[in-house]
Amino acid sequence: MEIERKYLITHPPADYTAYPCHFIEQGYLSTEPVVRIRREDDSFYLTYKSKGLLEREEYNLPLTPESYEHLIKKADGHILTKKRYLIPMEGSDHLTIELDVFDGRFKGLLLAEVEFPEREEAENFIPPSWFGEDVTFSGEYQNSRLSQLP
């Protein structure tokens with residue numbers, strides 16, 4: 001089960017590039033249900049996500065590089081590229097901020113996600129002061145939706 005909150009970011013911390021980072025490229029074979037293929041550095045995955053905004057089921061299956069290259073050509077819409085910075089949440093021993101800095105078509109878009117072990121913790125979450133608008137429940141900034149924009 002994936003439980004996460006998502007925020008727009010307009011002013012990231014000045015030192016965010018000092019944190020560990022992953023290169024991500026992903027495309028969508030389907031958006032209802034969500035079936036995504038992703039390259040994260042040198043790892044490749046096929047992911048199924050159920051419907052939902054704050055909480056939804058998620059299953060990840062490994063792919064070979066060859067399978068990924070075959071499937072990415074079949075993706076609908078835009079291929080998303082971004083760098084994901086992993087920033088420890090101040091004051092927490094188990095939460096990490098995933099700061100996505102988009103490139104390509106969505107260059108300039110910054111989104112932060114925080115995943116939680118339990119729904120109650122997500123509902124009571126108080127974001128850091130540098131977080132912008134909470135877009136968790138709008139669905140507008142789900143990557144699957146971004147991939148389908150004209």
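Two strands count as paired if DSSP finds at least two bridges between them; helices (H or I, at least four residues) and strands (E, at least two) are DSSP runs numbered from the N terminus. By that rule, β2 and β7 pair in the antiparallel sense over seven bridges. The model is predicted: local features need pLDDT of at least 70, side-chain atom pairs count only at pLDDT 80 or more, and totals for chains, interfaces and linings use all residues. Residues are numbered from 1 along each chain as its sequence is written, and side-chain values use heavy atoms, with hydrogens and water left out.

**Sheet**

- Nine strands make up an open sheet with antiparallel pairing, in the order β5-β1-β9-β8-β7-β2-β3-β4-β6.
- The edges are held by β5 (55–56) and β6, each with a single partner strand, so one side of each has no neighbour in the sheet.
- Antiparallel β4 and β6 are joined by five bridges, and Leu46 stands opposite Leu61 in β6.

**Nonpolar cores**

- A nonpolar core is a set of buried Ala, Val, Leu, Ile, Met, Phe, Trp, Tyr and Cys residues joined through side-chain atoms within 4.5 Å. Buried means under 20% relative accessible area, exposed over 50%, and partly exposed in between (1.4 Å probe, protein chains only).
- The largest core has 20 residues, and those with the most contacts inside it are Ile9, Ile97, Leu99, Val114 and Phe131.
- β1, β7, β8 (96–102) and β9 each give two or more residues to this core.
- Apart from this core lies another, of eleven residues, among them Leu8, Leu80, Leu109 and Tyr141.
- Beyond its neighbours within four places in sequence, Ile97 is in contact (heavy atoms within 4.5 Å) with residues including Tyr85, Ile87, Val114, Trp130 and Phe131.

**Pockets**

- On a 1 Å grid over the protein atoms alone, a pocket is an open set of points with protein on both sides within 12 Å along at least five of seven lines, and lining residues have an atom within 4 Å of a point. Grid points are joined across faces, edges and corners, and a volume is the space filled by probe spheres (1.4 Å probe) set on the points.
- The largest pocket holds about 390 Å³ of space. Of its 28 lining residues, Glu2, Arg36, Lys49, Glu58 and Glu113 are the closest to its centre.
- Elements that each supply at least two residues of this lining include β1 (2–8), β3 (34–40), β4 (43–49) and α3 (143–146).
- The lining of the largest pocket divides into six nonpolar, seven polar and 15 charged residues, where Ala, Val, Leu, Ile, Met, Phe, Trp, Tyr, Cys and Pro count as nonpolar, Asp, Glu, Lys and Arg as charged, and the others, Gly among them, as polar.
- The second largest pocket holds about 220 Å³. Among its 14 lining residues, Thr31, Glu32, Val34, Gln142 and Ser144 lie nearest its centre.
- Three nonpolar, six polar and five charged residues make up the lining of the second largest pocket.

**Loops and backbone**

- Thr10, in the loop between β1 and β2 (21–31), is exposed at 60% relative accessible area.
- Pro33 lies in the loop between β2 and β3, and a cis peptide bond with omega of about -5° joins Glu32 to Pro33.
- Asp41, in the loop between β3 and β4, has a positive phi near 55° although the residue is not glycine. Asp41 is partly exposed, at 29% relative accessibility.
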